[in-house]
Amino acid sequence: MQQRIIVILLTTMGGILALIIGVVAFSALTDDQPQQPQQAAPSATEQQEDPVGMGGLPSPSMQPDQIRPIDYDPILNATYWLEDFPYQTESFLKNRNTEPKKDYLELYPFLNTIFAGSRFENAYYSPLPHENAVDNVKTTPRLTDEHPASCFSCKTPDYVVMEARDPVGTWSRGFHEVADQMTNTITCYDCHRNEPGRGIGGEGLDGGFTGSIRSHFSVWYEDTRGSTASCAQCHNEYYFDQQTWQVSLAPGPTDPEIIFAYYNALGLVDHVNPNTGTEQVKVQHPEYQHFAGSIHQQEGMTCVDCHMVRSTSDGQGGFLTNHTITSPSQSREIRDTACAPCHGGGDEAILQLISDTQASSRSRTLALGERLADFQIAFAAAQDADQLSESRIEVLRGLEREAVWFFDWVFSENGNGVHNYEGNHRWMQRAEEVLDQAEQLLSE
Ligand code: HEC
Ligand code: HEC
Ligand code: HEC
Ligand code: HEC
């Protein structure tokens, strides 16, 4: 046991050392106080452009030699821990369901217009539980042979280990080339390495690791609390480096204005809308970015407070963490233990607060989506009819790209307003204002 602890300590120290090296170029960021990254003096051209107000473009990702050294042991998967941690493991294995997903393209037909030309045209579903993740990505019609191995980054720790052994080699491989080697789905190793237990990064007591094992997340967010980091390493907005296909996070670190400016400066294009000719970027699932700066994050809560039940006693004055991921709207226990201390008025009132918050955000998002699609149809028609000058088309495309970005920043996030109510409305207002301008210019 003692040996084990020493190994943990060494691994941790190694990790911290690697992080310090990594962070020389990218300064640390706290949860709620983004600072500017420190870096070498920018060149004259960079200073001139300075597109994101950061004195040039900082490198957003870890360099290959900075990839955090991780445990090279074989990944011990869930069943290995059944005997040591039956409560956590049994509850963990319930993260699977066979209920059909919601088909967003059918539910919200305007998405077919907004995301025309993107892979999301082929399939766009609501998320399934963690145990489904690897099977799901292997069978989605969204992926083709051209897609990189990096798509596995947030579905399995097998990718993380492969990357730590050979970063550049791994990034440059194709999705189907590595698919057979990706056998574990999201498992204990993703949040605990091979040392499940109370987390050093979290609130825990007796060793173990709870946090992010993914190097791309560690660059910007290393001060995030361990239990939030264990979710946020995957539930975030990222992009693929256009040369290497490395999973990368923009140096926002959480502000969609800065991330968008950064993508523009990189010239990032995920797809071209075939009807309007606009070069678009697709937002992924910025749960972490929404949560950062939200009222609940400021109140000191983590993702885990709302998504994992922690009310079973460990018999020693503490509690055990139920590993079936759920949500406050599904779990009375979470509402009683995690919400009621601040939100009075009883359980009905808490449920009502959640559904009112979601309804007000959702109705505005859907109205915005309809309006955006109508604009794209009108813009495409005006181009077909040769009614617009080249310069006007360029300006309109820029506005369309921006409006889609802010719409998508809210639409593709899975909390429907719950993770950051104030932010959601502010970002939608941003999209509406850009759309006002675009509609105005198109009608002139
Ligand atoms: C290794 C990456 C990864 C980690 C770590 C991770 N998730 Fe997920 N999560 C996913 C993926 C991928 C999906 C969607 C799976 C699909 O649809 O195929 C998902 C789906 C979900 C869902 C929707 C389905 C459900 O079970 O209700 C919730 C909620 C969720 N995750 C919350 C969390 C929380 C909370 C944490 C941290 C305790 C976390 N996730 C950690 C990748 C991850
Ligand atoms: C204050 C409580 C709270 C916090 C903190 C919180 N969530 Fe949520 N989350 C919710 C609620 C409520 C929902 C909506 C669930 C529903 O509609 O059933 C939700 C929904 C989700 C979903 C979509 C679930 C689905 O089935 O579609 C994901 C994924 C998710 N949260 C991940 C996260 C992650 C990751 C974090 C931390 C970065 C986080 N949440 C922090 C309350 C919270
Ligand atoms: C998505 C992330 C995630 C995965 C996957 C995960 N855990 Fe955890 N685990 C956590 C978090 C978060 C905590 C609470 C940490 C804290 O309190 O600091 C935790 C706590 C624990 C604890 C400490 C005691 C307790 O119940 O709070 C044990 C033991 C544990 N997990 C075992 C496992 C085992 C075994 C697996 C796989 C079967 C697993 N975990 C998978 C995130 C995860
Ligand atoms: C530490 C205190 C605290 C806890 C715990 C807490 N909240 Fe809140 N919550 C707040 C505050 C403060 C606000 C801001 C509005 C207000 O003053 O009521 C808020 C607002 C909300 C809102 C309205 C939208 C918004 O962001 O303003 C929702 C929905 C919500 N909380 C859900 C939850 C749920 C679900 C839980 C339990 C999982 C929870 N809260 C736990 C403090 C808390």
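**Figure 1. Surroundings of Leu 372 in the largest nonpolar core of the predicted model.** Leaving aside neighbours within four places in sequence, Leu 372 is in contact with Ile 114, Ala 403, Val 404, Phe 407 and Leu 435, where contact requires the C-beta atoms of two residues, placed from the backbone, to lie within 7 Å. Leu 372 belongs to the largest nonpolar core, which has 56 residues, and together with Ala 403, Phe 406, Phe 407 and Ala 431 it touches the most other members. Helix α19 gives the most to this core, with 10 residues, and at least three residues are drawn from each of domain 1 (2–30 + 66–107 + 124–249) and domain 2 (251–285 + 342–444); the domain bounds come from an automatic or database domain assignment. Apart from this core lies another, of 19 residues, among them Val 134, Tyr 159, Cys 191 and Ile 213. A nonpolar core is here a set of buried Ala, Val, Leu, Ile, Met, Phe, Trp, Tyr and Cys residues joined through C-beta atoms within 7 Å, and a residue is buried if 20 or more other C-beta atoms lie within 10 Å of its own, exposed if 12 or fewer, and partly exposed in between, with C-beta atoms placed from the backbone. The model is predicted, and local features need pLDDT of at least 70 while side-chain atom pairs count only at pLDDT 80 or more, whereas totals for chains, interfaces and linings use all residues. Residues are numbered from 1 along each chain as its sequence is written, with chains lettered from A and ligands numbered from 1 in the order in which they are written.

**Figure 2. Trp 427 in helix α20.** Trp 427 lies in helix α20, which spans residues 421–443; helices (H or I, at least four residues) and strands (E, at least two) are DSSP runs, numbered from the N terminus. Trp 427 counts as buried because 22 C-beta neighbours are found inside 10 Å.

Figure 3. Ser 150 is found in the loop between α6 (133–139) and α7, and is buried, with 24 other C-beta atoms within 10 Å. Trp 245 is found in the loop between β1 (239–240) and β2 (247–248), where it is partly exposed, with 19 other C-beta atoms within 10 Å. Although Trp 245 is not a glycine, it has a positive phi of about 70 degrees.

**Figure 4. Helix α7 and its cover.** In helix α7 (residues 157–165), the buried residues are Pro 157, Tyr 159, Val 160, Val 161, Met 162 and Glu 163. What covers these buried residues includes α8 (167–171) and α10 (188–192).

**Figure 5. The shell around ligand 2.** Of the 24 residues around ligand 2, those that come nearest are His 235, Cys 303, Cys 306, Ser 327 and Asn 414, a residue being near a molecule or strand if its C-beta atom, placed from the backbone, lies within 6 Å of it. Two or more residues of this shell come from each of α12 (226–232), α14 (287–291) and α16 (303–307), and α16 gives the most, with 4 residues. Ligand 2 lies between domain 1 and domain 2, because both give residues to the shell around it. The shell divides into 11 nonpolar, 11 polar and 2 charged residues, with Ala, Val, Leu, Ile, Met, Phe, Trp, Tyr, Cys and Pro counted as nonpolar, Asp, Glu, Lys and Arg as charged, and the others, Gly among them, as polar.

**Figure 6. The shell around ligand 4.** Ligand 4 is surrounded by 17 residues, of which the closest are Glu 299, Pro 328, Cys 339, Cys 342 and Tyr 421. The elements giving two or more residues to this shell are α15 (295–298), α17 (332–339) and α18 (346–384). By residue class, the shell around ligand 4 holds 13 nonpolar, 3 polar and 1 charged.
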